[in-house]
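Please keep the sequence and the structure at hand while reading.

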Amino acid sequence: MSKQTHPYHLVNPSPWPALAATALLMVTFGMAMFMHQKQGGIFLAAAGFAVVLYTMFVWWRDVVHEARVDHAHTEAVSRGLRAGMALFITSEVLFFAAFFWAFFNASTLPKLPLAETWAIMPGVWPPAGIHPFDPFHLPFLNTLILLLSGSTVTWAHYAILQNNRKETIQALWLTVILGVCFTACQAFEYTHASFGFTQGIYATTFYMATGFHGFHVLVGTLFLAVCLLRAYKGHFTAEKHLGFEFAAWYWHFVDVVWLFLFVFVYCNMAGRLMPIFEMIFTGTNMLIAFVLLLCAAGYGAFKLAINGGLPKVAH
């Protein structure tokens, strides 16, 4: 067997991609059958989901084995993995951008039915009959919980860099507990909501945005719980802790998304600022700004002509 002369990791043949694809196909067909009230659909979907969870476990187990036993995560491989995680988080940003766009489109310029085809009176936001949550009740508490969890996960990172295993475990325990507390508060909030998912555009965009964020909190909490187990096993060192680093990136992303949700969805900041924007960006004001820019450009051109053009650059 020839000696490897490059720093890159060539993955061994693995059954997990094929198994994951089969399991996802089972979930897809099962859910389609369930939605069309076909017998056995829910069981097929549940079996497929169970296989997906199993595949995730064994696949990531192999990745950990490659890092710790095979020492395959060289500096070059680590850079590639970091780039992959960064691109994944970027795709998640765009995923949430779609829900924010839908909410902004509905909240900043609310319309009544037929408003697109027949000019009628403008709508109101939130729509009539919708009583939104008080942002400074449970949502504010959840904001404090997530901000505190961001601090504890940073503490865990600092402890890893100091090779302080005890503090790493303590900080990760606190972060996981805070993640569970956030989920519990959000579940309590949902059960006490005055509106359901199908009650118009406000309810739909609200539950889609906050619900998917809640799902991401669950995933992040599980991610950090796995890191906690690995910390007990002594997997993380100051030099090698890529798995925790990715969990911390993901958790900070979840924190930032929640801050946007709190400000723009719960507090409806975009809707509150819209009258100011409409007052500033009127046709008259835009025309005045355009004329002023033309005057500034003309004055700049005149000064250049007087001074004999652009200054010469010495070679």
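Contact here means that heavy atoms lie within 4.5 Å, and the model is a predicted one.

**Helix α5**
- Helix α5 runs over residues 165-191, and because each of its 27 residues is taken at 1.5 Å, the helix should span 39 Å, which agrees with the 39 Å between its end C-alpha atoms.

**Helix α2**
- Helix α2, made up of the 28 residues 41-68, reaches 41 Å from its first C-alpha to its last, which is close to the 40 Å expected at 1.5 Å a residue.
- Its buried residues are Gly-41, Ala-45, Gly-48, Val-52, Thr-55, Val-58 and Glu-66, and these buried residues of α2 pack against α1 (16-35).

**The pairing of α1 with α2**
- The axes of α1 and α2 come within 7 Å and cross at roughly 155 degrees; because angles over 145 degrees count as roughly antiparallel, α1 and α2 are therefore roughly antiparallel to each other.
- The crossing of α1 and α2 is left-handed, and the residues of the contact between these two helices divide into 22 nonpolar, 4 polar and 2 charged.

How values were computed: Residues numbered from 1 in each chain as written. Predicted model: local features only at pLDDT ≥ 70, side-chain atom pairs only at ≥ 80, totals over all residues. Heavy atoms only, no water. Helix = DSSP H or I, 4+ residues; strand = E, 2+ residues; numbered from the N terminus. Expected span 1.5 Å × (residues − 1). Buried < 20%, exposed > 50% of the residue type's maximum accessible area, 1.4 Å probe, protein only. Axes fitted to C-alpha atoms, helices over the stretch in contact; angles between N-to-C directions. Parallel < 35°, antiparallel > 145°, perpendicular 65-115°, else oblique. Left-handed = near helix turned anticlockwise from the far one by under 90°. Nonpolar A, V, L, I, M, F, W, Y, C, P; charged D, E, K, R; others polar.
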